[in-house]
Amino acid sequence: MAQETKIQWETDLEKAKMEAGKQDKLVFVDFAKVPG
Amino acid sequence: MDAVTYPQEEVSNGVSKLSVPVKFNTAEPTDEIKRLAKEFRQIWTPTFIWLTPDGLELRRKIGYFPAEELLAEFEMARGFAAYVGQDYGKAAELFASVEKEYSDVPAAPESLYWAGVAELLNGSKQGLMKNWKKLQHNYSNSEWWTRASFIES
């Protein structure tokens with residue numbers, strides 16, 4: 001059984017870009033097929 | 001990725017430390033996700049894209065990545081972020097660190113290629129040659145050595 005990921009994913013690109021700018025980080029985008 | 005790579009502690013820590021991660025579910029796309037998929041010319045999943053905070057694309061990869069390979073890609077993206085910011089010394093260090101820390105990953109030969117380029121742009125032709133000679137020595141069958149092999153002629 002897979003462990004639950006600890007990554008906190010954003011869903012809003014513009015918000016992620018703003019946060020990345022504030023935190024001096026990159027934006028990492030994952031286009032994924034997530035089973036519903 | 002959600003079942004194997006992302007849950008690993010070193011990956012979740014690395015992703016969180018180095019980036020603000022965004023996931024777009026293409027299985028149930030909203031109009032916004034459809035728009036972004038078109039804007040980014042996304043054609044398959046998974047597609048990973050590293051961006052600067054102002055939206056400049058630094059790196060893109062497609063398909064499943066095990067932990068080490070994904071973490072190496074983060075270092076490559078950081079190297080390119082320094083490179084496009086014209087901090088070539090930092091870029092050279094970051095690119096070289098990929099090969100040092102993850103010598104078996106597919107990005108390793110590419111990292112030496114770019115470490116050499118960044119060294120050159122930082123004023124060190126010797127740095128270029130050092131990295132490209134290492135590229136030749138350790139990865140002579142890689143396409144990145146082919147790209148650099150003109151130094152032999």
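Contact is taken here to mean heavy atoms within 4.5 Å. In this predicted model, local features need pLDDT of at least 70 and side-chain atom pairs count only at pLDDT 80 or more, whereas totals for chains, interfaces and linings use all residues. Residues are numbered from 1 along each chain as its sequence is written, chains are lettered from A in the order in which they are written, and side-chain values use heavy atoms, with hydrogens and water left out.

Among contacts in chain B between residues at least 6 apart in sequence, 39% join residues at least 24 apart. Chain B holds 7 helices and 3 strands, where helices (H or I, at least four residues) and strands (E, at least two) are DSSP runs numbered from the N terminus, and their order along the sequence is α-β-α-β-β-α-α-α-α-α. The C-alpha trace of chain B spans about 55 × 30 × 30 Å along its principal axes. Of the 153 residues in chain B, 53% are buried, the term buried denoting under 20% relative accessible area, exposed over 50% and partly exposed in between (1.4 Å probe, protein chains only).

At the interface, 41 residues of chain B are in contact with 27 residues of chain A. The area buried between the two chains, that is, the accessible area (1.4 Å probe) that two parts lose on being put together, summed over both, is about 3300 Å², with carbon and sulfur atoms giving 65%. On the side of chain B, the residues that lose the most area to chain A are B:Val20, B:Val22 and B:Lys23, which together account for 20% of what that side buries. Two or more residues each are given to this side by helix 1 (9–18), strand 1 (19–25), helix 2 (31–39), strand 2 (47–51) and helix 3 (67–84) of chain B, and strand 1 gives the most, with 7 residues. By residue class, the side of chain B that touches chain A divides into 24 nonpolar, 10 polar and 7 charged residues, with Ala, Val, Leu, Ile, Met, Phe, Trp, Tyr, Cys and Pro counted as nonpolar, Asp, Glu, Lys and Arg as charged, and the others, Gly among them, as polar.

Strand pairing, which requires that DSSP find at least two bridges between two strands, links the chains in two places. Strand 1 of chain A (residues 26–32) pairs with strand 1 of chain B in the parallel sense over 7 bridges, and A:Phe31 has B:Phe24 as its bridge partner there. With strand 2 of chain B, strand 1 of chain A pairs in the antiparallel sense over 5 bridges, and A:Val27 stands opposite B:Leu51.

Strand 1 of chain B is largely enclosed by the rest of the structure, because 7 of its 7 residues are buried. From this strand B:Ser19, B:Pro21, B:Lys23 and B:Asn25 point one way, while B:Val20, B:Val22 and B:Phe24 point the other way. B:Ser19, located in strand 1 of chain B, counts as buried because its relative accessibility is 2%. A polar atom of the side chain of B:Ser19 lies 2.7 Å from the backbone oxygen of B:Val15. Leaving aside neighbours within four places in sequence, B:Ser19 is in contact with A:Lys25, A:Leu26, A:Phe28 and B:Phe74. B:Phe74 is also 8.3 Å from B:Gly14, C-alpha to C-alpha, although 60 residues separate the two in sequence; B:Gly14 is found in helix 1 of chain B.

Note on methods: A polar contact is a pair of N or O atoms within 3.5 Å; within protein, one must be able to donate a hydrogen and the other to accept it, and residues adjacent in sequence count only if both atoms are side-chain atoms.
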